[in-house]
Amino acid sequence: MLSASVRLGRKEFAIDATFEAPTPGITALFGRSGAGKTTLMHLLAGLLNPDSGAITLDGETLFDAARGKNMPAEARRLSCVFQDLRLFPHLDVQANLDYGLRRARHGPVVIRPDRVLELLELAPLLHRRCWQLSGGERQRVALGRALLAQPRLLLLDEPLSALDAPRRAEVLPYFERLRDELALPMILITHLFEDVVRLATHVVLVDSGHVLAQGDLPSLSLGPELRALLGADGSGAVIEGRVESVDAATGLARVAVGSGQLLVPGEALRPGSVVRLQLLARDLILATEAPRALSVRNQLRGTITALATDPPHNLLVHVDAGGAQLLARVTQAAADELGLHAGQPLWVLVKSVSLRGHAL
Amino acid sequence: MTRMSDAEIEALALSLQVALRSVIFSLPPAIAIAWLLTRRRFSGRALLDAFVHLPMVLPPVMIGYVLLLLFGVRGPIGHWLYAQFGIRLAFTTAGAALATAVMAFPLMVRSIRLALENVDRGLEQAARNLGAGAVDRFLSVTLPLMAPGILAGAVTAFVASLGEFGAVITFAGNVPGQTRTLPIALYSALQTPDGGNEAARIALISFALGLAGLFASELLARRLRRRLGR
């Protein structure tokens, strides 16, 4: 467990943040650009000193203003992948990769070079100079260099946002492999919710240097803090379910969610694996009677647990669908017409084409 | 033009030797002072900055005179050096190197400082994050990134040293084979009756040397920059 409680006063803005990150696990620091996420990373890594507060990692104190303790950044073993990567231009790829490794040799080498070369497919790049690499390749080299420094925790600052869509698609699987194959704790700094949905196990919401909320993604997705960050159109429940089967002919995976099932596009999903689905509140349809003769394939039975106003004219309906917590946005007018109230049983409809499953 | 005379070759070799020694000995302190002036905030920084630049604005003869006062056999430092190590600087080749080093020092510090200011601090942060301590990251990241600027500074200082006259003749005199460098040989030739032809020859040698130096520096800097991908 990494726990941090840090304060830093700056002319432009102030940081006052307390949060925890489980180890192992991927914790996303999610917030808009300029929310102070990168400053938080620098504080954790020791590249910047908090005015007050404390940082501990798995019981070891990295910083404690009250006790005057401050482990130097070079001794912390928290590797950063900076947003601008910061590959050494005077060294080739091999020497860049070796930089942290050579300085970590006095400790145990847990993350082996051959493993990293294989995982990130770096072998063909070794003798190139950094300016001869493409954006995705540079990203992989920076990641490899950080890993080979044998960190206890990896700090990733917007690792994907500098890349265009094809490069993102090229690099993202490497992060998923890292998550799955090295049980290395990571803190992922991002302003892209898609990264959070795909990678994070724990989420810390950051705004103006403060922590708005933290927790696991399914429960955070129901709260007002995340909704404020994502905006009305982007918000909705994130739920997790197990893949029951995949039909190659239709390209649909059957995912068990709560007491029901959803058909999700995804030939690549593996049966038995856990996937994460984002159900946008605006995409859900509520029905008070069993619907018939609709193209909508997905119908979940549930009960309304709460109703919340969603100004100016909408209503957010919280539905418990056999354990899966969903969120639907309907107009106040529709809610009145249907007579929606807490405790009411109903059906939640969602089109398969509006769903995308992310393997966890 | 016929072959160079022994005296000309001697003056040329001496000039190169003096310039090389001055550059080699002033490089480490120039790097240290450039680092202090760029990276450290301390009281007296402006004073140190001004002091380093003094040779650029003072008459070279005066620099030579001050050196004579300090490093002459009866000067405080010169006396100590002679008593402790038997080293004599005034009117020796080493003294000529010292005088040219002092004169070229501001040039060197300026270009090294410029190079240091251009080093991306983010790369030093990255090195630190990867486990490199202060000295380690200076040697493994900062210094290599500064290399083109250091080289440019050293070559400029070297070429300028070849031409240093006032401070050298004041502090080190005009001893053939010891301190008579090309510009001093040129001056001596002009002082001699019928020395006009000889003066022209030495002027031509100096001209060719300076030009070659500038070309070499440009070539080297370009190669280094290419290695850094710029």
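This is a predicted model: local features need pLDDT of at least 70, side-chain atom pairs count only at pLDDT 80 or more; totals for chains, interfaces and linings use all residues.
Chain A contains 10 helices and 21 strands. Its radius of gyration is 23 Å, close to the 21 Å that the globule rule gives for 360 residues, and chain A is therefore as compact as a globular protein of that length. Taken along the principal axes, the box filled by the C-alpha atoms of chain A comes to roughly 65 × 50 × 35 Å. Of the 360 residues in chain A, 42% are buried, and among the contacts with a separation of 6 or more, 67% are between residues 24 or more positions apart.

Strands β1 (residues 2-9) and β2 of chain A are paired in the antiparallel sense over 8 bridges, and a hairpin of 4 residues joins β1(A) to β2(A). Within this pairing, A4(A) has F19(A) of β2(A) as its bridge partner. F19(A) belongs to the covered face of β2 (residues 14-21), together with I15(A), A17(A) and A21(A), whereas A14(A), D16(A), T18(A) and E20(A) form the uncovered face. In a regular strand, side chains alternate between the two faces of the sheet.

The contact between the two chains involves 20 residues from chain A and 16 residues from chain B. On the side of chain B that touches chain A, the elements giving two or more residues are α6 (121-129) and α7 (134-162) of chain B, with α6(B) providing the largest share, 6 residues. By residue class, this side of chain B divides into 8 nonpolar, 6 polar and 2 charged residues.

Conventions. Residues are numbered from 1 along each chain as its sequence is written. Chains are lettered from A and ligands numbered from 1 in the order in which they are written. The radius of gyration is taken over C-alpha atoms; the globule rule is 2.2 Å times the number of residues to the power 0.38. A residue is buried if 20 or more other C-beta atoms lie within 10 Å of its own, exposed if 12 or fewer, and partly exposed in between; C-beta atoms are placed from the backbone. Two residues are in contact if their C-beta atoms, placed from the backbone, lie within 7 Å. Ala, Val, Leu, Ile, Met, Phe, Trp, Tyr, Cys and Pro count as nonpolar, Asp, Glu, Lys and Arg as charged, and the others, Gly among them, as polar. Two strands pair if DSSP finds at least two bridges between them.
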